[in-house]
Amino acid sequence: MSIVTISFFLGIVGLTLFVTYLAAKKTSSASDFYTAGGGLKGWQNGLAISGDYLSAAAFLGVSGAIALSGFDGFFFSVGYVVANLVVLYIIAEPLRNLGRYTLADMITARFNEKRVRAAAALSTITIVILYMIAQLVGAGALIQLLFGIDYWIGVLIVGIMMTVYVLFGGMGATSWVQIIKACLLLFGTGLMSFLVLCHFDYSIINMFDKVSQATEHGDNFLNSGVKYTNGFDSISMLIALVLGTGGLPHILMRFFTVKDARTARTSISWTTWITSIFFTL
């Protein structure tokens, strides 16, 4: 274990806990706890959504998919970015105007029956559980790699930290934690991209030439078809990615952390630009 690694990690944890403490002092109502009082600006909420979006599953998952299957892995990042446009033009404003937190809430608002509510609640809980499993697996593996501790301890540490952020600070704390995370991820990926290009004399063409020689797939690594040999598989995966964001409760709830539908649209515009830059890097 490196002293620098431990210091950096503890510094980030300390900063986020301090932010949680400040947010907890300002949380005095249910609105403050669940929606940060609707007081976030468009760029702030855009960064917070990006922090939610550029999570362990997205960051490590897309990187791993590209490393293993080349261009086919890059489809994941394309789907994530296009998904923002679906949310921007179809979901954000109607959801905000209706005053509901998730798509399931929208459905129950129009079809007020117990069976519909049960199905909506079940789908929301299922999505959250599956999504949280992916987050904990990625984050736990990262903590294990950084500190050389047992995997289950890494998962436990991350789970406790997330619970503390949400339980004491509410949406205000989690929003600022995600803003910090988004800035760190953008800085980190920007720095790594610069160092990689520096290694290849700042030539993207030279970099891709070396990449094609360093993998068992050869030149096919830079073309589609390594993982998705059937066109229908690619289409199915992209549809799932593009439409899947519209079902993520923790993303849709963020439209209520701003004052109106116009600011909600601005948030998604910021998110689209940030995620586009991130996944390009």
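Colleague: Which residues touch the most other members of the largest nonpolar core?

Modeller: Of its 18 residues, Leu95, Phe255 and Ile268 touch the most other members; a nonpolar core here is a set of buried Ala, Val, Leu, Ile, Met, Phe, Trp, Tyr and Cys residues joined through side-chain atoms within 4.5 Å. Helix 3 (42-53), helix 5 (71-98), helix 11 (249-252) and helix 12 (261-280) each supply at least two residues of this core, and helix 5 gives the largest share, six residues. Helices are DSSP runs of H or I with at least four residues, numbered from the N terminus. A second, separate core has twelve residues, including Leu47, Ala58, Val81 and Phe278.

This is a predicted model, in which local features need pLDDT of at least 70 and side-chain atom pairs count only at pLDDT 80 or more, whereas totals for chains, interfaces and linings use all residues. Residues are numbered from 1 along each chain as its sequence is written, and side-chain values use heavy atoms, with hydrogens and water left out.

Colleague: Why is Ser267 called buried?

Modeller: Its relative accessible area is 0%, and buried means under 20% (exposed is over 50%, partly exposed in between, with a 1.4 Å probe and protein chains only), so Ser267 counts as buried. Ser267 lies in helix 12 and, leaving aside residues up to four places away in sequence, touches Gly42, Asn45, Gly46, Ile49 and Val258, where contact means heavy atoms within 4.5 Å. Other buried residues of helix 12 include Ala261, Ala264, Ile268, Thr271 and Phe278.

Colleague: How do you know that the length of helix 12 agrees with its number of residues?

Modeller: The expected span is 1.5 Å times one less than the number of residues, so the 20 residues of helix 12 should span 28 Å; the end C-alpha atoms are 29 Å apart, which agrees.

Colleague: What makes helix 5 roughly parallel or roughly antiparallel to helix 12?

Modeller: The two helices pack at an angle of about 175°, with their axes 9 Å apart. Because angles over 145 degrees count as roughly antiparallel (under 35 as roughly parallel, 65 to 115 as roughly perpendicular, the rest as oblique), helix 5 is roughly antiparallel to helix 12. The axes are lines fitted to C-alpha atoms over the stretch in contact, and angles run from 0 to 180 degrees between N-to-C directions. Residues of helix 5 that include Phe74, Tyr80, Leu88 and Arg96 meet residues of helix 12 that include Ala261, Ile268, Thr272 and Phe279.

Colleague: What does Val86 touch, not counting residues up to four places away in sequence?

Modeller: Val86, which is in helix 5, touches Ile91, Val242 and Leu243 on that count. Val86 and Gly244 are 158 residues apart in sequence but 9.9 Å apart in space, C-alpha to C-alpha.
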